[in-house]
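Here is a short briefing to read alongside your structure.

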Amino acid sequence: MKTDDINNGGGKKSSYKDSLKSMDTEETFDLIFYRPIGYGWALLAKKLGITPNAITIASIFLGVGAGVAFYFNNIWINILGVILLVWADSFDSADGQLARMTKQYSRIGRILDGLSGDFWFAAIYVAICLRENVTSEFFSAHHWVIWVMAVVTGFCHATQAAMGDYYRQFHLFFLKGKEGSELDSASQLWEKFHELSWRRDFWKKLTMAFYTNYTVGQEKRTPRMQQLRRLLRSKYGNDIPQSFRDRFRMASKPLMKYTNILSFNTRTFALFAAILIFRMPWLYFAFELTVLNIVLIYMVCRHERICKNFVKELEK
């Protein structure tokens, strides 16, 4: 068997390219580093019968382990933390690639995949706070400051990641259609939520509640996008003309580099620099609060302007 081919169930071969979301949305460093490694893990997992969700859960333990390693003011333990976090992200890449290769899609898997990164960074944030309270003269004298920074940064991080993912899914909707995107509607999610019973489906309903509120937040931050979605549904239903899809895709594509900046790689480069080079972990919080928030605001404003222009076109 070739290393870039894999038999997918009914005899159809799935290649490395099939394991990617799309070339429009892939980041250069991921294509060079994480995706090839993730593809190797995915091939091994398929051979061993390991599910995407199992890989995601394993990544949580690796990411939390990285956070623990970052607590210590020791360069070698910190390097171990870097290795664990890179390993965790290679698993995070592998679970999605395996799901696409084997068609094992599920909303639970998507939610679990999103939560894995939250567990990683929660552990990292706590480690940074505890470490700075011990090693920094300023933070030792003002314990509360670093914790406030961590809470505010965590909120900003969640918003940045949510919007970056939302814009990628919206772009994939125009590129690949509904089947190739994980774009959801809060109204439809609420309908499914109310169909579940707290007594019979407690965990499923609880998970759906969190995910639906997550989607509500994304929709509230994008009023022009929601206006465009409503107009497209009323005008075309599920049959949006290909010419419109192509034009929106070309307008949206330049923004994909900003969604990637708000994802994993840029964050970890800044984190590794703060811990390994500058030996001041709190600088990572400062980076998220300034640079990444500026990128977020620019991305949202520009995408809303794109949607506004297409809304005007449809309303004529």
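In this predicted model, P223, R224, M225, Q227, L228, L231, L232, K235 and Y236 of helix α9 meet H303, E304, C307, K308, F310, V311, L314 and E315 of helix α13. Those contact residues divide into 10 nonpolar, 2 polar and 5 charged.

**α9 against α13**
- Helix α9 covers residues 223-236, and its axis comes within 8 Å of the axis of α13, crossing at roughly 30°.
- Because angles under 35 degrees count as roughly parallel, α9 is roughly parallel to α13.
- The crossing of α9 and α13 is left-handed.

**α12 against α13**
- Helix α13 also packs with helix α12 (residues 264-277), at an angle of about 145° and with the axes 9 Å apart.
- Here the crossing is right-handed.
- On the α12 side, the contact is made by T266, R267, A270, L271 and A274, and on the α13 side by L283, Y284, F287, E288 and L292.
- Sorted by class, the contact of α12 with α13 has 7 nonpolar, 1 polar and 2 charged residues.

**α7 against α8**
- Which way do α7 and α8 run relative to each other? Their axes cross at roughly 165° and come within 9 Å, and the two helices are therefore roughly antiparallel.
- To find them in the viewer, look at residues 186-195 for α7 and residues 202-220 for α8.
- α7 and α8 cross in a left-handed sense.
- From α7, the contact involves A186, L189, W190, K192, F193 and H194; from α8, it involves K205, M208, A209, Y211, T212, N213, T215, V216 and E219.
- The contact of α7 with α8 has 8 nonpolar, 4 polar and 3 charged residues.

**Aromatic pairs**
- A search of the whole structure turns up 30 aromatic pairs.
- One of them is F121 with Y125, an edge-to-face pair with 6.4 Å from centre to centre and 80° between the planes.
- Both residues belong to helix α4 (residues 107-135), where F121 and Y125 sit 4 residues apart, about one turn of the helix.

**Confidence**
- The protein chain has a mean pLDDT of 93, and 96% of its residues reach 70 or more.
- Which element has the highest mean pLDDT? That is helix α13 (residues 282-315), at 98, while strand β1 (residues 5-8) has the lowest, at 43.
- Residues 1-12 have pLDDT below 50, and this stretch has 26 contacts in the model beyond near neighbours in sequence.
- A word of caution: where pLDDT is low, the predicted coordinates should not be read in detail.

How values were computed. Residues numbered from 1 in each chain as written. Predicted model: local features only at pLDDT ≥ 70, side-chain atom pairs only at ≥ 80, totals over all residues. Heavy atoms only, no water. Axes fitted to C-alpha atoms, helices over the stretch in contact; angles between N-to-C directions. Parallel < 35°, antiparallel > 145°, perpendicular 65-115°, else oblique. Left-handed = near helix turned anticlockwise from the far one by under 90°. Contact = heavy atoms within 4.5 Å. Nonpolar A, V, L, I, M, F, W, Y, C, P; charged D, E, K, R; others polar. pLDDT = per-residue confidence, 0-100. Phe/Tyr/Trp six-rings, centres within 6.5 Å; stacked < 30°, edge-to-face > 60°.
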